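Colleague: Before we go through the model, I would like each term tied to its cut-off.
Modeller: Then let us start with the sheet and finish with a helix.

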Amino acid sequence: MSDIAAASNLVLTAADGTELVRGVSFAVQPGDALGIVGESGSGKTLTCRALLGILPVGIGIASGTVNVDGRDLTAASEREWRGVRGTRIGAVFQDPASFLNPAIPVGAQLQEVLRVTAGVPRNRSRDRARELLDDLGIRRVDLVLRQRVAELSGGMLQRVLIAMALAADPAVLIADEATTALDVTVQAELLELLARLRRERDLALILVSHDLAVVAQVSERVLVFRHGRVVEDGPTIDVLQEPQHEYTRSLLAAHAAYGLERFLP
């Protein structure tokens, strides 16, 4: 089975030459669940942005490669990336409100994504939007489609963003701190939703979090980032049971109070 998305010895630098991500390598195939964990500033989000071709201004790929469907996109143009972003790789980020227009009903925004990204005809876009939200477990779908950002909870907004990310049926979904700002109950519901989508769609899921307990619930493999490097990489259960790096051990100790042992056999 071939890789859908991969990074190989990826090095990302700032304009002044400072290395922000150093020598990171990983790959995902259909149905994979990869967890990426690390503190803020560790390089995990920049690595995912490199996979999406949306690195911030002033940050670039100094060496290494980014591949999607076996194609090297390290030096790809924005036009080339638009053929990949959304169609092969979708993404959901931490603050859904910042990605949505507060003045327009969320249904109209989802329909626009369906038309532009997935090529859904205008006369089918509302029905398709309804189907997507229904599949994500949203009740009273027609009401939600009419509502604006301020009228919806954080968990509901994340579901809308997940629907947008899945509009063109991508092969990979990146969830970057997508559950961070939510309460524990809503967070658990969203993690269950992501796990179900992965199973039903044979979706490769990349779950990014600073919280090892969150990653442990969904991922089969985990990368631990620190200071721009991967300091530990292995099956999630092995990393949880026998962490090899001091930093990973410190994360486990810090999360013991949250019941991480529940995810160990």
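**Sheet and helices**

Modeller: In this predicted model, six strands form an open sheet of mixed pairing, in the order 6-7-8-3-9-10. Residues are numbered from 1 along each chain as its sequence is written, and side-chain values use heavy atoms, without hydrogens and water. Local features need pLDDT of at least 70 and side-chain atom pairs 80 or more, whereas totals for chains, interfaces and linings use all residues.

Colleague: Why is one side of strand 6 and of strand 10 left without a neighbour in the sheet?
Modeller: Strand 6 (89–92) and strand 10 (229–235) are at the edges and have a single partner strand each, so one side of each has no neighbour there. Strands are DSSP runs of E, at least two residues, and helices runs of H or I, at least four, numbered from the N terminus.

Colleague: What makes strand 3 and strand 9 a pair?
Modeller: Pairing requires at least two bridges found by DSSP; strand 3 (residues 33–37) and strand 9 (residues 221–226) have four, in the parallel sense. One of the partners is V222 in strand 9, bridged to G35.

Colleague: What covers the buried residues of helix 3?
Modeller: The cover includes helix 4 (122–135), helix 5 (141–146) and helix 6 (154–165), with contact meaning heavy atoms within 4.5 Å.

Colleague: Which residues of helix 3 are called buried?
Modeller: V106, G107, Q109, L110, Q111 and L114; buried means under 20% relative accessible area, exposed over 50%, partly exposed in between (1.4 Å probe, protein chains only). Just after helix 3, G119 has a positive phi of about 70°.
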